[in-house]
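Have the model open as you read.

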Amino acid sequence: MQINAEIYRSLGAIAEDEGLMKRAAKYLKKLATQKEDDTLMTKEEFFARIDESLQQAKEGKVKTFTDIEEMNAWLDSL
């Protein structure tokens, strides 16, 4: 209850400034998205994972399959 009042006071303080309201709305959308899906990663995390995968591929640390059945069997074993 107290947090709600604090949020409304803060919104009241910036309500006259459209730029600040747009920034607040953008941040609130970002927070809501994080709450909805905690599996999301940042752009930096995403590209770091790609870089790591590319490095592993260069080092030969990959899993290959001769056919789809072999791949499905491996996936089922996980």
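## A salt bridge within a helix

Glu18 and Lys22 join their side chains in a salt bridge, 3.5 Å from N to O (the term takes a side-chain nitrogen of Lys or Arg within 4 Å of a carboxyl oxygen of Asp or Glu). Both residues sit in helix α2, residues 18–36, and being 4 residues apart puts about one turn of the helix between them. Helices here are DSSP runs of H or I, at least four residues, numbered from the N terminus.

Glu18 is exposed at 57% relative accessibility, and Lys22 is exposed too, at 55%. For the cut-offs, buried is under 20% relative accessible area, exposed is over 50%, and partly exposed is in between, with a 1.4 Å probe and protein chains only.

A word on the source: this is a predicted model, where local features need pLDDT of at least 70 and side-chain atom pairs count only at pLDDT 80 or more, while totals for chains, interfaces and linings use all residues. Residues are numbered from 1 along each chain as its sequence is written, and side-chain values use heavy atoms, leaving out hydrogens and water.

## The other charged pair

How many salt bridges does a search of the whole structure find? It turns up 2. Lys61 and Glu59 make one of them, at 3.0 Å from N to O. Lys61 is exposed at 57% relative accessible area, whereas Glu59 is partly exposed at 43%.

## Around Met41

Met41 lies in the loop between α2 and α3 (43–58), and at 36% relative accessibility it counts as partly exposed.

Definitions and conventions:
Helices (H or I, at least four residues) and strands (E, at least two) are DSSP runs, numbered from the N terminus.
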